[in-house]
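Please have a look at the structure first, then read the points in order.

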Amino acid sequence: MYANACKSGVNAFFCLFVSDFTHCTVLHQPDFVIPVDPGANVTLQCFFTENYSMYDMFWYKQIKGQQPCAVVKAGAVADPIFHKGYLNTRFDISRSKKILSLSIINISHWDEAVYYCGVEIFFDIEFGNGVFLALNVSSFNLSQSELLFSCFFS
């Protein structure tokens, strides 16, 4: 089996070549950045070019300077499995044939990160281009010294 992954524009492409069979997926996260105020609600979306209802789908979160971590797995035939730290009522996932959405309510500073959707096809997880959930700094009630401190140690 030969696998080749590449990025093109705003879409992530993945192709598997097995004998004469070629399977390509396109995952599209339409937003690059979503600015949000603390306490607000947001829904992140991921679009697929074809019906992936038979595959497991995922949302991963990557905080700046850290490795990505799984938020939730939406199984093809099972209920979603939220990973530790996301087992509360602030996170919800919805899935249709061509859309995977992650809703987060009551946004906090811990939610600021890049979120990637993914689909598992033939034992590989392929990811979308990611969306950065950016907290509006002006919404925080920080003193100037607190803001300066956070800039030096972020």
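**A buried glutamine and a disulfide**

1. Glutamine 29 is buried, at a relative accessible area of 1% (buried is under 20%, exposed over 50% and partly exposed in between, using a 1.4 Å probe and protein chains only). This is a predicted model, where local features need pLDDT of at least 70, side-chain atom pairs count only at pLDDT 80 or more, and totals for chains, interfaces and linings use all residues. Residues are numbered from 1 along each chain as its sequence is written, and side-chain values use heavy atoms, with hydrogens and water left out.

2. Where does glutamine 29 lie? You will find glutamine 29 in the loop between strand S3 (21-28) and strand S4 (33-36); strands are DSSP runs of E, at least two residues, numbered from the N terminus.

3. Leaving aside residues up to four places away in sequence, glutamine 29 touches several residues, among them Trp59, Tyr115, Gly130 and both Cys46 and Cys117 (contact means heavy atoms within 4.5 Å). A polar atom of the glutamine 29 side chain lies 2.9 Å from the backbone nitrogen of glycine 130.

4. How many disulfides does a search of the whole structure find? The search finds one, a disulfide being a pair of cysteine sulfur atoms within 2.5 Å. Cysteine 46 and cysteine 117 form it, with their sulfur atoms 1.9 Å apart. Cysteine 46 lies in strand S5 (residues 42-48) and cysteine 117 in strand S11 (residues 113-121), so the pair ties together parts 71 residues apart in sequence.

5. Cysteine 46 is buried at 0% relative accessibility, and cysteine 117 is buried with a relative accessible area of 0%. Cysteine 69 is partly exposed, at 32%.

Definitions and conventions. Helix = DSSP H or I, 4+ residues; strand = E, 2+ residues; numbered from the N terminus. Polar contact = N/O pair within 3.5 Å; in protein donor to acceptor, adjacent residues only side chain to side chain.
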